[in-house]
Amino acid sequence: MSKELHHTANFLNGLTKLTGLSLRKVQEYAKSNNPFNILEHPQVIELNEKQLEKIGLLNEFISSYNLLKVHENEDKIKFDSSSKAGQYFKSLLGGMKDRERFVIAFLDRGNNIIETKIMSEGTIGQTAVFPREILKNAIACDCKSMIFGHNHPGLSPNLSSEDIKITQRLVNIFHPLEIRILDHIIVAGTSYTSMAEKEYIPKNCDAIASYEPIVIDEKSAVEEKPEKSEYDQQLEMDDEEWDLEL
Amino acid sequence: MNQKNMEYKKMVDVMTRLLDLDAETERKVSSYIQNTGIKTFFLNLKSFNLPVEVQMKLQDLKAVIEVLDKDIAVLDFNTEGGDV
């Protein structure tokens, strides 16, 4: 099936499920007409008051969606604190209960998101991360820094030794390239742990860069570092802490 | 409240009426969209902590908007990995 036909079929299915219109009637209409007419001129097919109301709401949603895309392009999400990064990754990964997913937000000089990518997806307790893929994406988008995020489907909020090792391994690759790793957020259901807040983000290389795949495992939690008083409260990190190059 | 946040609020209100969402789901959807942005939200519906039936309704909504939004449409054919 071509992409266009695939999308049209999906569109018709979505439209009928959302509005309660008959799929048969809509398909019949779409055989010889542009199916988008149904949104613009709902009376072209037989429909009741409730269905008409739903089409009105769908049109309102589409307008709002288009407007928001423009707003988001002009006003990108900016990570100016570890709590903001935590909320972002918690939203993005909080529902992943059946597998681990490793995601990276690539940031520009002002810590605005250039793009966010899923770098790997594994099983319930393990996933493998491929440094070459991360490097390829980082160079392609010309990022100045990155924030990692991955979930613990077992809902343990504790950092594992692999979480720390992978961060160090990636610092070993990116530090020489002057691409900073600002944070690594571990999401466990509705909570998260920020490695930056816990002061586990390495500042320097400790070995030669290795590009072998890295396995991260939810097990093997590390002991908590004694936290500094300023991290006791969920305070926003100021620009200086993440060394914004504005 | 800036214009973007007002638009988020308006959109979630429309989604609530269109998809018949309950108050708790409305609160979650609002928080997810404001935290991650609208594009990331629709590209990663399964990642969010939402009931399965709500995810299905959101997939239906995505099916309608993806014909209008190439960013989402292209990625629909590459759901394993890729952009968020």
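Helices are DSSP runs of H or I of at least four residues, numbered from the N terminus. In the predicted model examined here, B:E24 and B:R27 both belong to helix 2 of chain B, where they lie 3 residues apart, about one turn of the helix. Their side chains form a salt bridge with an N to O distance of 2.9 Å. B:E24 is partly exposed at 41% relative accessibility, and B:R27 is likewise partly exposed, with a relative accessible area of 49%.

The side chains of A:E133 and A:K136 meet in a salt bridge of 3.2 Å, N to O. A:E133 counts as partly exposed at 33% relative accessibility, whereas A:K136, at 53%, counts as exposed because the cut-off for that class is over 50%. Elsewhere in chain A, a network of salt bridges links A:D98, A:R99, A:R101 and A:E121. Over all chains, the structure holds 13 salt bridges.

Between chain B and chain A, 3 salt bridges are counted.

The contact between the two chains involves 45 residues of chain B and 40 residues of chain A. About 4,000 Å² is buried between them, and carbon and sulfur atoms give 64% of this area. There are 13 residue pairs in polar contact between the chains, with both residues at pLDDT 80 or more. On the side of chain B that touches chain A, the elements giving two or more residues include helix 2 (23-36), helix 4 (52-65) and strand 1 (82-83). Helix 1 of chain B gives the most, with 10 residues. By type, the residues on this side of chain B comprise 20 nonpolar, 12 polar and 13 charged.

In chain A, strand 5 (residues 180-188) and strand 6 (residues 191-194) run antiparallel and are joined by 4 bridges. The two strands form a hairpin with 2 residues between them, and A:G189 in the turn has a positive phi of about 60°. A:A188 stands opposite A:S191 of strand 6.

Terms used
Residues numbered from 1 in each chain as written. Chains lettered and ligands numbered in written order. Predicted model: local features only at pLDDT ≥ 70, side-chain atom pairs only at ≥ 80, totals over all residues. Heavy atoms only, no water. Contact = heavy atoms within 4.5 Å. Buried area = accessible area lost by both parts, 1.4 Å probe. Salt bridge = Lys/Arg side-chain N within 4 Å of Asp/Glu carboxyl O. Polar contact = N/O pair within 3.5 Å; in protein donor to acceptor, adjacent residues only side chain to side chain. Nonpolar A, V, L, I, M, F, W, Y, C, P; charged D, E, K, R; others polar. Pairing = 2+ DSSP bridges. Buried < 20%, exposed > 50% of the residue type's maximum accessible area, 1.4 Å probe, protein only.
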